[in-house]
Amino acid sequence: MFLKMRSILPLLLAAIFLSSCSEYQKVLKNEDVKAKYDMAEKFYKEGDYKRAKRLFEQIAPKYVGKPQGERVMFFFADSYFKSKDYYLAGYQFERFIKSYPRSDKVQEASFLGAKSYYKLSPAYSLDQTDTDKALAKLQIFINTYPESEYFAEANAMAKELTSKKEKKQIEIAKQFNKLGEFNYPILISAITALDNFISDNPGSIYREEALYYRIAAATNLALNSTENKKQERLEDAQSAYNNLMRYYPETKFKKKADNLSEKIQKELSSYSNSK
């Protein structure tokens with residue numbers, strides 16, 4: 001009996017699935033808006049967001065201005081989000097907020113809209129347009145809803161994206177520094193990029209790294225400078241070393257930085273001796 005049931009069960013499940021598909025196709029094609037609404041909500045509650053959003057897409061224009069319109073538009077946007085279609089989710093949540101600014105779902109929609117852009121943020125090495133959008137949306141949410149249940153998550157996402165942008169900036173500066181080993185004038189660009197990073201991102205987790213690479217770039221530039229610029233650049237490199245030691249006396253770069261400082265001091269001593 002048990003074996004017989006085991007053989008019948010897959011057939012029953014297949015029959016139920018086919019029946020569900022058939023019913024869905026039937027409702028999808030007919031003009032009964034109420035039937036579409038009921039089935040869309042059923043699929044949404046069951047977690048079948050792909051089929052739900054297709055039905056919501058059909059009926060959303062029909063419910064504009066009607067009491068159910070707010071519910072339909074929120075579920076429609078959320079169906080995109082939950083099916084990981086984040087571009088359209090962000091767009092639909094923005095539409096919802098504009099259409100229903102007094103809705104008790106506005107806070108959640110604002111958060112999920114910002115999170116949609118967060119999900120679209122690419123690796124730090126790629127274009128960060130979506131990261132900028134996400135940060136702007138998250139900052140608006142953080143400023144508008146400081147007491148929200150989503151505040152901590154929004155703050156964590158904003159910090160993560162900020163660190164990603166900082167990572168991109170520091171890697172560009174490091175790349176300038178590396179290229180400068182073969183083309184010394186590029187080191188000026190490396191120093192400028194690192195100075196900008198240090199001043200613009202005082203609380204960055206990459207600040208210690210930036211201060212070290214500032215020493216490396218300045219030292220390399222000074223040691224390979226013409227005589228009329230060498231002393232000034234050596235002093236600038238030493239100043240960069242002093243900055244690192246001031247802020248990070250136990251820096252993980254201490255050994256490398258000390259080696260660079262020794263080279264700087266050795267070169268500077270020749271100027272002291274010549275006076």
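At what angle do helix H6 and helix H7 pack, and how far apart are their axes? Helix H6, which covers residues 106-120, packs with helix H7, which covers residues 129-144, at an angle of about 155°, and their axes are 8 Å apart. An angle over 145 degrees counts as roughly antiparallel, and H6 and H7 are therefore roughly antiparallel to each other. The crossing in which H6 passes H7 is left-handed.

The residues that form this contact can be located on each helix in turn. On the side of H6 they are Gln107, Ser110, Phe111, Ala114, Tyr117, Tyr118 and Leu120. On the side of H7, they meet Asp130, Lys133, Ala134, Lys137, Leu138 and Phe141. Sorted by class, the contact of H6 with H7 comprises eight nonpolar, two polar and three charged residues.

Another residue of H6 directs attention to a separate part of the chain. Ser116 lies in helix H6. Is Ser116 buried or exposed? Its relative accessible area is 0%, and Ser116 is therefore classed as buried. When residues up to four places away in sequence are not counted, Ser116 touches Phe81, Tyr86, Ala89, Gly90 and Phe93.

Helix H7 also contains Asn143. With a relative accessible area of 55%, Asn143 is exposed, because a value over 50% counts as exposed.

A second pair of helices may now be examined. The axes of helix H2 (residues 33-46) and helix H3 (residues 49-59) come within 8 Å and cross at roughly 150°. H2 and H3 are therefore roughly antiparallel to each other, and H2 passes H3 in a left-handed crossing. From H2, the contact involves Val33, Lys36, Tyr37, Met39, Ala40, Glu41, Phe43 and Tyr44. From H3, it involves Tyr49, Arg51, Ala52, Leu55, Phe56, Gln58 and Ile59. By class, the contact of H2 with H3 has 11 nonpolar residues, one polar residue and three charged residues.

Which loop holds Lys84? Lys84 is placed in the loop between helix H4 (69-82) and helix H5 (86-99). Although Lys84 is not a glycine, it has a positive phi of about 65°. Lys84 is exposed, with a relative accessible area of 62%.

Leaving aside residues up to four places away in sequence, Asn177 touches Leu187, Ala190, Tyr213, Ala216 and Ala217.

Finally, the confidence of the prediction should be considered. The mean pLDDT of the chain is 90, and 90% of its residues reach 70 or more. Over residues 11-20, however, the pLDDT is below 50, and beyond near neighbours in sequence this stretch has two contacts in the model. Where pLDDT is low, the predicted coordinates should not be read in detail.

How values were computed:
Residues are numbered from 1 along each chain as its sequence is written. This is a predicted model: local features need pLDDT of at least 70, side-chain atom pairs count only at pLDDT 80 or more; totals for chains, interfaces and linings use all residues. Side-chain values use heavy atoms; hydrogens and water are left out. Axes are lines fitted to C-alpha atoms, for helices over the stretch in contact, and angles run from 0 to 180 degrees between N-to-C directions. Helices (H or I, at least four residues) and strands (E, at least two) are DSSP runs, numbered from the N terminus. Angles under 35 degrees count as roughly parallel, over 145 as roughly antiparallel, 65 to 115 as roughly perpendicular and the rest as oblique. A crossing is left-handed if the near helix is turned anticlockwise from the far one by less than a right angle, and right-handed if clockwise. Contact means heavy atoms within 4.5 Å. Ala, Val, Leu, Ile, Met, Phe, Trp, Tyr, Cys and Pro count as nonpolar, Asp, Glu, Lys and Arg as charged, and the others, Gly among them, as polar. pLDDT is the predictor's confidence in each residue, from 0 to 100. Buried means under 20% relative accessible area, exposed over 50%, partly exposed in between (1.4 Å probe, protein chains only).
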